[in-house]
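User: I am new to this structure and would like to go through it step by step. Could you show it to me?
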Amino acid sequence: MGASLSLVPLIDYFARREFLAAGLRPHAVTLPYPDGGGESTCTVQYWATPGEPRLPPLLLVHGFGPRATWQWRCQVGPLSRHFHLVVPDLIGFGGSSCDSASLPSEATQAAALAALLDALPGLKGRRVAVAGTSYGGFVAYWLARTAGPARVGPVVIASSDLLKTAADDRGFLKRAGEGWNAVEDVLLPAKPAAMRKLMELASYRPPPAVLMPDFLLRDFIQKLFTENREHLIQLFKGITVGTDKFPVNPIPQEVLIIWGEQDQLFPVEKAFAVHRSLDGKARVEVISKTGHAPQLEDPTSFNKILLDFLLATHKQ
């Protein structure tokens, strides 16, 4: 009987409840697929504050793993008091999908988000702040740089190694220990041991192994990774931000970099490398006793840093 237990619906329920309590409502919109040559479409699932914006708009972009509601559930309440929120699932994640055979690059994801914003009431052409965590930081940077400061205002890059290299991947595998052939073996787990290792590396205080038996981890893997795993692996391998195709250059927007001090996926020194690549103009905030998801491990500190930055830049 215990093997039939699933925590995924329970977590999903509480995450959705946080969004509903913050006044957000779920929607879906069908848009032309940016790389489809006018023939393909994508369906983007998103949560948003209803109606036209009465507050400054803010786009929250999630990373790899669970849908957006899981990754931003601790932020939407405090942020909704000051901002008109738009929180989408990226293409290939959560409830968002496309009918194209081509895989979405960060450029595709950014173009889809721009099209989503233009499709929402009162947001077409309006300047929007954007915050991205992990993979979402790659998309947020691409969107900010290509759309420009007239369309995208202040930018928050959280736990996102925009300068990821093959050497970083080798360092990650060394931290993970023996038994792993590639980074995606851990980041996109297919077995309980890999899921447990991912939680260990991503969290400052991972849950005790006794609370994470194999049958629960298999359930997480089945519901969060199995269906799209090959797609996500190709997406991970195809990242272009920080490569010769799209090097990280300074952008005119105000930028905040937030990092967990104990992040073992992207070590904290990479926050300062990204800072240097932006000509040292970005502000860096490191949150102690947190790992790769400081917005979940210490939401009080994360939310204060985020709000202080966004409210200050909004007043400028």
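User: Is Lys124 buried or exposed?
Analyst: Lys124 is exposed, with a relative accessible area of 65%. Buried means under 20% relative accessible area, exposed over 50%, and partly exposed in between, with a 1.4 Å probe and protein chains only. Please note that this is a predicted model: local features need pLDDT of at least 70, side-chain atom pairs count only at pLDDT 80 or more, and totals for chains, interfaces and linings use all residues. Residues are numbered from 1 along each chain as its sequence is written, and side-chain values use heavy atoms, with hydrogens and water left out.

User: Where is Lys124 found, and what is it in contact with?
Analyst: Lys124 is found in the loop between helix H4 (106-119) and E6. Helices (H or I, at least four residues) and strands (E, at least two) are DSSP runs, numbered from the N terminus. Leaving aside neighbours within four places in sequence, Lys124 is in contact with Leu117 and Asp118; contact means heavy atoms within 4.5 Å.

User: How many residues apart in sequence are Lys124 and Val155, and what about in space?
Analyst: Lys124 and Val155 are 31 residues apart in sequence, and their C-alpha atoms are 19 Å apart in space.

User: Let us turn to E6. Where does Thr133 sit, and is it buried or exposed?
Analyst: Thr133 is found in strand E6, which covers residues 128-133. Thr133 counts as buried, at 2% relative accessibility.

User: Which residues does Thr133 touch?
Analyst: Not counting residues up to four places away in sequence, Thr133 touches Val61, His62, Gly63, Gln71, Trp72, Ala158 and Gln295.

User: What is the phi of Ser159?
Analyst: Ser159 has a phi near 55°, a positive value in a residue other than glycine. The loop that holds Ser159 runs between strand E7 (152-158) and helix H6 (166-176). Ser159 counts as buried, at 0% relative accessibility.

User: How many residues line the largest pocket, and which lie nearest its centre?
Analyst: The lining has 37 residues, and Pro66, Ala202, Ser203, Ala293 and Leu296 lie nearest the centre. They divide into 26 nonpolar, eight polar and three charged. Here Ala, Val, Leu, Ile, Met, Phe, Trp, Tyr, Cys and Pro count as nonpolar, Asp, Glu, Lys and Arg as charged, and the others, Gly among them, as polar.

User: What about the second largest pocket, and which element gives the largest share of its lining?
Analyst: The second largest pocket has a volume of about 470 Å³. It is lined by 26 residues, and Gly92, Phe93, Gly94, Leu224 and Asn228 are the closest to its centre. H9 provides the largest share of the lining, five residues. The lining divides into eleven nonpolar, eleven polar and four charged residues.

User: Which residues have the most contacts inside the largest nonpolar core?
Analyst: Leu59 and Tyr141 do, in a core of 73 residues. Such a core is a set of buried Ala, Val, Leu, Ile, Met, Phe, Trp, Tyr and Cys residues joined through side-chain atoms within 4.5 Å. H5 gives the most to this core, with eight residues. A second, separate core of 26 residues includes Trp47, Phe302, Leu306 and Leu307.

User: Lastly, how many aromatic pairs are there?
Analyst: A search of the whole structure finds nine aromatic pairs. In Tyr13 and Phe14, the ring centres are 5.1 Å apart and the planes are at 70°, so this pair is edge-to-face. Rings of Phe, Tyr and Trp (its six-membered ring) pair if their centres lie within 6.5 Å; planes under 30 degrees apart count as stacked, over 60 as edge-to-face and the rest as tilted.

Technical notes. On a 1 Å grid over the protein atoms alone, a cavity is a set of points where a 1.4 Å probe fits but cannot get out, and a pocket is an open set with protein on both sides within 12 Å along at least five of seven lines; lining residues have an atom within 4 Å of a point. Grid points are joined across faces, edges and corners, and a volume is the space filled by probe spheres set on the points.
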